[in-house]
Amino acid sequence: MESYEILWKSTLPEIENNISSISYETYIKQLIPANIVGNSIVLLTASKIFADTVDFKMRDIICSALKKCTSNITDFTLVIAKNREEYLSKMSESDQVEIEKRGLPVNPKFTFESFVVGSSNEFIYAAAKGVAENPAEAYNPLFIYGGTGLGKTHILMAIANYVKLHHPSRKVLYTTCEQFTNQHIESLSKGKTSPADFRNVYRNVDILLIDDVQFLAKKQGIQTEFFHTFNELVMQNKQIVLTSDRPPKEIEVLEDRLRTRFEGGLLADVQTPDIETKIAILRRKSEEQKCLVDMKVLRYIAEMADCDIRSLIGKLTKVIFASKLQEKPITIDLVKEALKESATETQEELQVDDIINCVCNFYKVTKADILGKKKNKEFVEPRQVCMYLIDDLMSFPRIAIGEKLGKRDHSTVTYSCKKVADQMKIDQKFRVTINDLRNMLLKK
């Protein structure tokens, strides 16, 4: 017998002593105990009229009896349901609505079927599909990392869409780490939700999908909340999938207890796509836009674009738009015109060494300092500036930039580029420096 059943059974004699036999037989004996939530016992009733009568005429008697029988359950909640199964079904639907309100929208177009699989991402695809088919049975957590625009968000949403279709009873929440952080902060203020409400949502899901966990870097309070949420879900055998632009070991000032848990599941690196995968993606996207594009043109776009899939699709969209606007067929000449390739030809003539030498001269450091492993500030900043300028001015995959600059991982390059871009937003002097360097290089 469940605790709520024991409690209700022990309360009945006290209620019976303080109510008419007709009221007791007609109303009280018909109530079905179903749950305990906070300081209230949940009682099921047959209809709203029945519930209103009990609430209006017998609330004080029932609450008084509860207080005499227990010290912590002092109130009751009436729910319209025929039995506990119907109650649980209603609660599940209600929870899912609240969960979806708390999370971010999932794009229904981002499915496993629409994900183009190639040699660079087949491992990620297989791992994510395994998690979607058998949550919490294969890899927990699944930690996916890699540069921006390589399909990490698509994979998360594909998991969500698959589970909703094939396991509709399971509660799925997709969000970003930034959203998680903001909602936690709101719950601590005097807002509409409390910390308890926040935790009830995040710790009452079957599958938690969180994008961009590198946002946890240096945020001690949020890391603590995230740690307890993570632990609670794993203890309940619930599935967690995380994405990041870098592996756990490279997330700055991340608590060891979180780092070890992230590394305790499956770490999967999204590689940069090869040329054939790029072409396949472009072909799929052109079909989605109901536009027939010659394979030679697709290959040309794939070869001239960088490794960022999002940028790749953006270039194709721009070409298709130019074709419709000018009422011209999509040819290589149209691609050149639409993407203004002629305006960037001088940039393509730049060499990596040109950028390294320019930065070295400005910062008064040597090439060996840039390529080396020293983490002194006087070497780290020019090294990051080199990565940013190469990424900004040349059609170079970030994995190749990393190779050129001391055989560093592409995620390190991604982090460095973001660090420089962020610093430019808040430091005017630094922004002027970067723009001066860029102008010097473009005049070469």
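Of the 444 residues in the protein, 47% are buried (under 20% relative accessible area with a 1.4 Å probe, protein chains only). The model is predicted, with local features requiring pLDDT of at least 70 and side-chain atom pairs pLDDT 80 or more, while totals for chains, interfaces and linings use all residues. Residues are numbered from 1 along each chain as its sequence is written, and side-chain values use heavy atoms, without hydrogens and water.

Turning to overall form, the protein holds 21 helices and eight strands (DSSP runs of H or I with at least four residues, and of E with at least two, numbered from the N terminus). Its C-alpha trace spans about 100 × 55 × 40 Å along the principal axes. The radius of gyration is 29 Å, whereas a compact globule of 444 residues would have one near 22 Å (taken over C-alpha atoms; the globule rule is 2.2 Å times the number of residues to the power 0.38).

The largest nonpolar core has 31 residues (buried Ala, Val, Leu, Ile, Met, Phe, Trp, Tyr and Cys joined through side-chain atoms within 4.5 Å). Elements giving two or more residues to this core include α5 (122–133), β4 (142–145) and α11 (275–288), and α6 gives the most, with eight. Ile-155, among the residues with the most contacts inside this core, touches Phe-112, Phe-115, Ile-124, Tyr-125, Ala-128 and Ile-144, leaving aside neighbours within four places in sequence (contact means heavy atoms within 4.5 Å). A second, separate core of 28 residues includes Ile-355, Val-359, Phe-379 and Leu-389.

Note on methods. Buried < 20%, exposed > 50% of the residue type's maximum accessible area, 1.4 Å probe, protein only.
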